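Here are a few notes to read alongside the model. Have a look at it first, then work through the points.

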Amino acid sequence: MSFRKPSVLPGFGLTFGFTTFFLSAIVLLPLAALVLAAASMHWSEFVAVVSSPRALGSYRLSFGASALAATINMVFGFIIAWTLVRYEFPGRKLLDALIDMPFALPTAVSGIALTTVFARHGWIGRYLEPLGIEVAYTWLGVTLALTLISMPFAVRTLQPALLEVQRDLEDAAETLGAGRFYAFRRIILPTVLPALLTGFTLSFARAVGEYGSVIFIAGNLPMKTEITPLLIVIHLEQFDYRGAAALGVVMLAMSFLGLLTINLLQAWNRRRQVQAAH
Amino acid sequence: MSISLEQVTKHYGGVPVVNDVSLAIGDGEFFVLLGPSGSGKSTLLRAIAGLTGVDHGRIALHGRDVTQLAARKRGVGLVFQNYALFRHMTVADNIEFALRVRHMRARRRRERRKELLRLVALEGLDDRLPAQLSGGQQQRVAVARALAHKPEVLLLDEPFGALDAKIREELRRTIREVQRELGITTVLVTHDQEEAFAMADRIGIMNLGRLLEIGVPHDLYSRPATRFVATFLGAANLFLARHGTDGIHVGAATLAAPGQPAQPRGHEVVAVVRPEEITVAASPAELGRGFVARGVVDELVFNGALERLRVRLESGSGAPLLATADPDAPPYLEVTRTQHEQRSFELHPGQSVAVGVRRVHVLPTPLSSFATCATSLGEAEELARQPLLTELATRMKTRISVRCEPQLGAGEARPGADAPFVGATVIAATAGAAQRAEWLLQNGASEVLVLPAQAAAPQRVLIHWLDEAARGATLAVAASVLRHLSAAEAENVGVLHAGPGSGEVARELARRLARSPAQMLIVGVADLESFGARFSPLLDGGRWPVLIVHRAAS
């Protein structure tokens, strides 16, 4: 690699310098501080905090609900992206703009809105209650909130990928005798799989880190509807900074592992395709 | 018949993109659909494949009506311009796709794949991904894939569009060879006339959604029937010539008109002269009977085998008229000369030459040109600027001349100038239009267009003939008009029962015209008896363009 290639932007040296500086100042340094804070604990103390039943329950909810939300978003995000890409209908632009609303809204507002609708006497909640379905103050509510706030990630990563699936491909499959489902499974899905995985990753990552919207609808019952970020806040309110840091380190590690796995999966998938070529 | 289309029509947003197309393609035939972009040729191909439904008409493949059948059950192979290969699959998987769908056993699939790869000369590339192949190779894979399930019909949608010239040539040959070897009926869509000539057994030419002409390449080139085909297939010089008893008069030349009945009255016709049928010489004497006019070499381009010239004709009396929409445009002729001709008479720009014509072809089109006619020159000139008229003339690549006739419509008076009325005479649809139309028809005009100042391009053309003798001519004129109106649909009004001489027929036609806006009427007449009186309710101050076609019963 050459460090001096003429280009519109300043040379590699300068841009790489900025990159490392900003990454350090904004991402790495605070994370290191977090790990350091946790490291000042005694090992047994650390284990006691992060493996308490309450903490374990919160991990299960946080990561489980996030994975569920990301899965839901893959399915419905695909359908929404497909509709927006493939069809011309009145109000398409408006709908397209609406997708980004969860980005722009303060998450607490999303939480309040969801609670209004899904609480026991809310607009929808009152009809669900006789059916025995309770949304607010259960894990269902947590999943719902996480689905809402992470939905734009799934749609926005799938849209460009679907744009590239030319209609000709479906037409070709059809003239070759393939039914709709066969063409979808064998042609469309494999083509957009990388984007689908990326969408899942981003949705999942966003959902794991969510706090604001969940606390309103979750009810925050220990062991049941308490997410890890909330548990961290509770530790903080009791001035237990080191306990909070310990939980933070666990979240950090688990999120990193999750993202790494999916990235490796993607790389493997790409390699497999290239290998098939040789 | 392998493919038969009957009156296939397809609309997009109310506009017909395929308009009343009927066509029969024989077994093993290589048929090319040729037309400019937006002519509806690709839509027609997709309709045959079953990827686009039709609004009206019938499609049959090998005698089986498939109009309502899904594309995957039609047994066609389709090749796209952008290859449409499945990028995540290897060449082998692409080719075997149709076989896998049909649950063919792996061994037989492999055999078939090997056979197809040999056919398209891509042996050994089974395990490549499409991205690792050149454009030409990708399109070969697409052809092999389309043939895998042994379709009865192969459809090719501009398959060479994305390839460079040399690869294109090669692939053309391969496809033609494969097609001959398999004897498969093939339809190729293209906008490239050279490609059409190179590959087709027969060519069908489309424009504005209509299939204008069908024929073997040589016939279409040498004897086109429409202006569009004459100018779209190769270059053509269009003259407004006079067809007399002794032949076709173009400028000073009189040429034989093979297969054309002599016209005693000196009828105006549109004559096609191909650039290679024009000769240039130093003096008229060298050209003999073929001498047309003098001209000046304006531009000279040498491109290998041929030399292309643009010759500007000298104006003056007796100069030939070119059929162009703009009467002020300088009269240029396109000429090509072979190496042999170049050697015998060398040319340079600015040189004055004598221009001759070897051979003309007369278009059987009934409308040669338009002439607006009024009692004052100013009115005639204003009428010549009417938007519908200028649009029609532009599309027909013909001219609008103006004519002042002070006695227009005045009873027994004869036309002022001794020149006969040529082309379609256009008059304004003001009060007294019916009387003026009758006067023009009595005095030799064959077609009279009564045009309201506000008339726009019609969506619908009503056709009616008052006398059986005028039927053929009316239909010919209507077909010619319809060819040049993109969105128009024809409706034959049929027989209207009414007493002779009464105005009942005209009133009924007026009622039908009033039903929806943007309509036009083409009416044929043989007997002019009291025509003006009968048609005054329709024509005097009428709101619709009415084209009257007069052919006397023989």
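1. In α13(B), residues B:A433, B:A434, B:Q435, B:A437, B:E438 and B:L441 meet B:F531, B:G532, B:F535, B:S536 and B:L539 of α16(B). Two residues count as in contact here if their C-beta atoms, placed from the backbone, lie within 7 Å. Helices are DSSP runs of H or I, at least four residues, and strands are runs of E, at least two, numbered from the N terminus.

2. How do these two helices cross? The axes of α13 (residues 433-442) and α16 (residues 531-539), both of chain B, come within 7 Å and cross at roughly 135°. So α13(B) is oblique to α16(B) (angles under 35 degrees are roughly parallel, over 145 roughly antiparallel, 65 to 115 roughly perpendicular, the rest oblique).

3. A word on the source: this is a predicted model, where local features need pLDDT of at least 70, side-chain atom pairs count only at pLDDT 80 or more, and totals for chains, interfaces and linings use all residues. Residues are numbered from 1 along each chain as its sequence is written, with chains lettered from A and ligands numbered from 1 in the order in which they are written.

4. Now look at α5(B), whose buried residues are B:R168, B:L171, B:I175, B:V178 and B:Q179. They fall within an arc of 95° seen down the axis, so they line one face of the helix (the arc is that of directions from the helix axis to the C-beta atoms). On the other side, B:K166, B:R173, B:R180 and B:E181 are exposed. Buried takes 20 or more other C-beta atoms within 10 Å of a residue's own, exposed 12 or fewer.

5. Cover for the buried residues of α5(B) includes β3 (30-34), α3 (106-119), α4 (135-147) and β8 (185-190) of chain B. Just after α5(B), B:G183 takes a positive phi of about 65°.

Notes. Axes are lines fitted to C-alpha atoms, for helices over the stretch in contact, and angles run from 0 to 180 degrees between N-to-C directions.
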